[in-house]
Structure formats: C-alpha cells, structure tokens
Amino acid sequence: SSALKAQGTAMFDSDLRSIAPEWCKIALEATLSEADLVTPLYIRHKYDGTITNNLCYPFTRAVYGLRIRQPIGGDFGLSDSLVTRLLESTLWTNTYVRRFGIDIFITHAAIASGFRIMEALLGSKVHEAKDPAAELTAMFIQVVGSMFTCTKEYEKYWRQISRSKSVPHLEYPFAYPGPEPVKVDSLRLYSGFRETLAEKRTLLRKVLEEDLLEAITELSSSQKMQMSPEVWAKTVYSFTCAFARQTEEESRNELLSSLRGLWLGKVYSFLLEAENMTNEEANRLTDQEAAVFEEQKTFLFSHYGK
C-alpha cells in the first residue's frame with residue numbers, strides 16, 4: 001500500500017462466497033474521506049462467528065468502548081495513514097499478531113491510536129464456517145493471544161474508558177442472499193469443556209478466584225447448563241490478567257488453551273439458550289451479554305497488573 005502510494009486499501013477473506021462488487025466500493029470509498037478503518041457488519045447465522053460473539057465483540061466493546069460488531073471480520077477498508085501507523089507498530093513481530101491475530105490487532109490498534117472508525121453493512125457473510133469444537137483451536141489461540149497482547153500494549157488507553165458507544169454506519173442498497181445454516185457438534189463442545197475442567201484443574205486454581213471456579217465447575221454436572229454472562233466476563237478478565245503476568249510463550253499458550261476449553265462451555269451454553277431463537281433474537285442476546293462485560297469491567301480494572 002505504502003510502496004504504491006495508495007490512498008486506501010481493502011482486504012477480504014479468501015473463503016468468502018457472498019462477496020459482491022459493492023463490497024469493494026463500500027470498503028474503499030469511506031477511507032478516502034470519512035474513515036480510517038471500515039469494519040464489516042454482516043447478517044450471520046446465530047451459530048456462526050462463535051469467537052466473535054462470545055469473546056471478541058463483548059471484549060472490544062467493554063475494554064475499548066466501541067460497539068464494533070465484527071472486530072475480527074477480516075473484510076476491512078484502511079486509509080493510507082492507518083496503514084502507515086500499523087506498519088510502524090512493534091507488535092508485528094508478535095507470534096499471535098502476525099497470524100490469525102492480525103484482524104483484532106488492526107481493530108484495537110486503530111481504536112487506541114484515535115483513528116476514525118465506521119461500520120459497513122455488507123449483507124450476509126457466506127463462507128466456510130468452522131465447527132468451534134473441531135476446527136478452531138489454532139485460530140482461537142492466535143486471535144485471543146493477539147487480543148490479550150494488545151490489551152497490555154494499550155493499557156493506558158483503555159483504563160480511561162468506562163462506557164461504550166456505537167460507531168457510524170455505512171449502508172448502500174444492494175441485494176444479498178440470506179445467511180446459510182451452520183452445524184455445530186454440541187456434545188463435543190460439552191465434553192471438551194468438561195475435559196478442560198478435569199485436566200487443567202491446577203492451572204485454573206491459579207487463574208480463577210475460588211468462587212468463580214466453583215461456579216464454573218457446578219455447570220459441568222448438567223448437560224442443560226447455562227453459563228451466566230457475569231461468570232463468563234469475570235473468567236475472560238481473569239485470563240486477561242494472567243496472560244499479562246506471563247512472559248514465556250509456552251505458559252501463555254497453556255493459558256489460552258485452557259481458556260479455549262472454557263469457551264467451548266460458553267458456546268455450548270449459548271447454543272442451548274438460542275436454540276429456538278431467530279438469528280435476530282440471538283443477536284440481541286449477544287448484545288445483552290456484551291453489556292454485562294461492560295458492567296464487569298471494574299473487575300478488570302481492579303485485577304489487571306496485580
């Protein structure tokens with residue numbers, strides 16, 4: 001981008017099947033005048049985007065104060081000034097950032113650096129959706145590792161943030177298909193959650209306060225479990241703090257792997273709760289849970305760095 005002296009850059013995921021010519025126009029046009037980062041806003045099936053819905057969206061909203069619905073959407077428009085700033089970042093050498101963690105890095109770096117951000121309605125995201133229980137291990141570790149790395153890098157910024165606000169929307173009229181159904185192996189999610197509780201007990205005792213670990217452990221006794229957003233938010237924040245204290249990559253990976261196992265339980269709980277909901281109703285549920293992450297941010301404030 002810089003070598004070509006481009007005024008704007010658009011990037012899109014390679015597995016998209018619903019991309020339309022309008023996407024390029026929407027992603028690029030605003031970066032020439034109104035915005036430095038254009039993030040996507042999709043219509044998605046309720047079981048698609050499990051890392052986004054249950055972790056990256058509520059975390060970004062609460063910690064950085066912007067309701068960016070798809071912070072790891074991958075289909076971005078970037079201004080020349082943002083590209084230049086990103087290229088100057090020392091985080092490029094980070095193991096997590098330069099892989100699947102690139103999207104969350106772009107989003108969080110843009111927010112913390114004060115760049116203008118807008119969301120663009122791109123219609124449905126039809127792509128090669130992944131089963132969270134079977135296919136997202138490496139992606140989870142890299143995305144969340146990058147997210148926690150950014151949390152440490154931009155601590156001075158997010159400690160000033162107490163509430164969230166929406167970002168401006170871009171909307172162009174064009175036709176698009178509806179989202180495709182996503183199949184998820186719910187029993188595999190549940191068994192993965194229980195295995196983590198059994199195998200990572202020692203680590204979990206170090207990371208989670210006793211009452212929090214007890215609340216999570218009780219959930220594993222019933223297949224009709226429902227993990228409250230309060231418990232999940234405190235769990236995520238506890239791991240955020242533990243990650244910041246670790247300096248060895250192996251120890252950080254073990255933390256991220258353990259959090260992934262608990263996230264399987266959160267996804268399983270969400271599946272049960274949203275089973276009879278429409279996609280729109282499930283999306284509202286995700287928004288409600290993200291609001292709880294905001295309410296629980298005092299937990300992060302009081303525990304981070306200790």
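Predicted model: local features only at pLDDT ≥ 70, side-chain atom pairs only at ≥ 80, totals over all residues.

**Reasoning about spaces and cores**

Visitor: Which residues line the largest cavity?

Guide: They are Asn53, Asn54, Pro58, Pro229, Trp232, Lys266, Thr286, Glu289, Ala290 and Phe293. Helices α2 (50-64), α10 (229-245) and α12 (279-295) each supply at least two of the lining residues, and α12 gives the most, with 4 residues.

Visitor: What makes this space a cavity and not a pocket?

Guide: A 1.4 Å probe fits in a cavity but cannot get out, whereas a pocket is open. The search of the whole structure finds 1 cavity of 30 Å³ or more. About 40 Å³ of space lies in the largest cavity.

Visitor: And what about the second largest pocket: how much space lies in it?

Guide: About 360 Å³. Of the 21 residues that line the second largest pocket, Tyr42, Ile43, Arg44, Asn279 and Asn283 are the closest to its centre. By class, the lining has 7 nonpolar, 7 polar and 7 charged residues.

Visitor: Let me pick Arg44. Why is Arg44 called buried?

Guide: Buried means under 20% relative accessible area. Arg44 has 15%, so Arg44 is buried. Arg44 lies in the loop between β2 (37-43) and α2.

Visitor: With which side chains does the side chain of Arg44 make polar contacts, and how do you know that they count?

Guide: One partner is the side chain of Asp48, at 3.3 Å, and another is the side chain of Gln70, at 2.8 Å. The cut-off for a pair of N or O atoms is 3.5 Å, with one able to donate a hydrogen and the other to accept it. Both pairs therefore qualify as polar contacts.

Visitor: Which residues touch the most other members of the largest nonpolar core?

Guide: Among its 84 residues, those are Phe105, Phe148, Leu208, Trp232, Tyr237, Phe239 and Leu262. Helix α11 (residues 249-274) gives the most to this core, with 11 residues. Apart from it lies another core, of 13 residues, including Leu16, Ala30, Val38 and Met118.

Visitor: What does Phe105 touch?

Guide: Leaving out residues up to four places away in sequence, Phe105 touches Leu86, Ser89, Leu91, Trp92, Val97, Ser146, Cys150 and Tyr154.

Conventions:
Residues numbered from 1 in each chain as written. Heavy atoms only, no water. 1 Å grid on protein atoms, 1.4 Å probe; cavity = no way out; pocket = protein on both sides within 12 Å on 5 of 7 lines; lining within 4 Å. Points joined across faces, edges and corners; volume = space filled by probe spheres on them. Buried < 20%, exposed > 50% of the residue type's maximum accessible area, 1.4 Å probe, protein only. Core = buried A, V, L, I, M, F, W, Y, C linked by side-chain atoms within 4.5 Å. Contact = heavy atoms within 4.5 Å. Nonpolar A, V, L, I, M, F, W, Y, C, P; charged D, E, K, R; others polar.
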